[in-house]
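This report describes how two protein chains meet in a model. The sequence and structure come first, followed by the terms and the findings.

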2 protein chains.
Amino acid sequence: MKRIIFALVGFTALAGIVVDTAPVSGQSRGEAAPIYGIRLPEGYRDWHLISVKRLTASGGKLKQLRAQLGNDIAIRAFRNGTLPFPDGAMIAALHWNESSSDADNKVLAEGFPGVGLESSFAGSGVNVQFMVKDSKKYAASGGWGFADFTNGKPGSVALHERCFPCHQPAKDRDYVFTHYATTP
Amino acid sequence: MKRIIFALVGFTALAGIVVDTAPVSGQSRGEAAPIYGIRLPEGYRDWHLISVKRLTASGGKLKQLRAQLGNDIAIRAFRNGTLPFPDGAMIAALHWNESSSDADNKVLAEGFPGVGLESSFAGSGVNVQFMVKDSKKYAASGGWGFADFTNGKPGSVALHERCFPCHQPAKDRDYVFTHYATTP
């Protein structure tokens with residue numbers, strides 16, 4: 001696929017055609033999120049797994065299971081410990097409501113009696129958030145653009161204003177909280 | 001890539017060369033797990049995300065975050081709702097100890113005061129388990145071979161004897177408990 005892309009670039013260059021340069025975020029669609037202007041990147045559900053998380057709020061008001069996925073540039077940087085992340089790196093954080101099933105837990109109780117096993121899983125989707133590295137375009141926010149989408153619709157300006165300040169404590173890891181999960 | 005594979009198959013057929021058929025599990029390495037003879041499939045950490053789970057035991061004796069990944073054949077079957085899964089489908093279940101960090105939770109407390117947010121993440125690796133579809137080879141176990149590895153070493157015979165019986169309740173979903181998580 002890469003070769004085809006290079007071939008096309010070569011062809012248009014030779015033919016002297018002026019073309020838009022592809023956005024750093026690659027193919028994307030829908031409405032752009034505020035401040036950073038990021039659209040939902042196509043195919044992010046197929047990016048590779050970085051890690052898995054859980055988020056809860058006190059009083060059971062919120063229980064989420066989460067997965068962080070990265071495009072090839074981001075995954076390579078995680079594996080090689082490359083900091084800062086190179087331009088083009090994209091990280092997606094997928095958030096689901098944590099659900100459980102009595103049927104699943106019955107199976108666990110029968111298969112492993114007396115252990116009290118309980119299972120939960122990714123239920124309905126909540127939102128998806130992105131970090132997109134472009135050291136020039138996003139120089140004012142550590143080289144990262146941030147985006148939040150719920151059902152494909154971008155979150156508010158107020159929400160997006162909180163992204164970069166909140167990521168400040170991870171400055172020594174290029175503002176990325178997530179570590180690459182080990183390969184068991 | 002598919003076209004290249006088909007082209008090679010066509011070529012070898014025309015040339016009348018007898019070649020070994022590739023094993024259904026693709027490239028793999030290390031010691032084979034008992035009963036089903038499955039070796040650790042190469043590159044499974046790069047398979048696509050099916051879903052995310054959590055497993056706990058009563059009394060806090062066990063807390064795991066888990067991810068299920070699938071090879072291309074498995075992912076396509078999940079998305080298209082294809083049952084039974086076609087031969088060559090492989091599912092990996094990666095299990096980690098659930099960890100948390102005071103530093104992360106401090107960030108959450110400062111970023112979202114009064115909500116009582118707490119985060120946890122995939123910590124040390126525990127084990128990885130596989131389901132490998134080969135309707136002929138594994139006809140006696142619903143067409144699935146099962147394998148468990150800890151640090152690359154296969155689990156015991158006794159453990160592997162429990163796999164198929166435990167998956168019986170999911171018979172109407174071709175013995176697969178995991179559902180494909182929505183794309184948020």
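## Basis and strand pairing

Two strands count as paired if DSSP finds at least two bridges between them. Strands (E, at least two residues) and helices (H or I, at least four) are DSSP runs, numbered from the N terminus. Strand β6 (residues 118-133) of chain A is joined to β3(B) by 4 bridges, and the two run antiparallel. Within β3(B), B:L55 is the bridge partner of A:S119.

The model is predicted: local features need pLDDT of at least 70 and side-chain atom pairs count only at pLDDT 80 or more, while totals for chains, interfaces and linings use all residues. Residues are numbered from 1 along each chain as its sequence is written, chains are lettered from A and ligands numbered from 1 in the order in which they are written, and side-chain values use heavy atoms, with hydrogens and water left out.

## Extent and make-up of the interface

Contact (heavy atoms within 4.5 Å) involves 52 residues of chain B and 52 residues of chain A. The buried area, meaning the accessible area (1.4 Å probe) lost on putting the two parts together and summed over both, is about 4200 Å², with 56% from carbon and sulfur atoms. B:R45, B:R54 and B:P184 lose the most area in chain B, together 18% of what that side buries.

## Polar contacts and salt bridges

A polar contact is a pair of N or O atoms within 3.5 Å; within protein, one must be able to donate a hydrogen and the other to accept it, and residues adjacent in sequence count only if both atoms are side-chain atoms. Across the interface, 30 residue pairs are in polar contact, both at pLDDT 80 or more. β6(B) gives the largest share of the side of chain B that touches chain A, 11 residues.

Between the chains there are 2 salt bridges (a side-chain nitrogen of Lys or Arg within 4 Å of a carboxyl oxygen of Asp or Glu). One links B:R79 and A:D46 at 2.5 Å, N to O.
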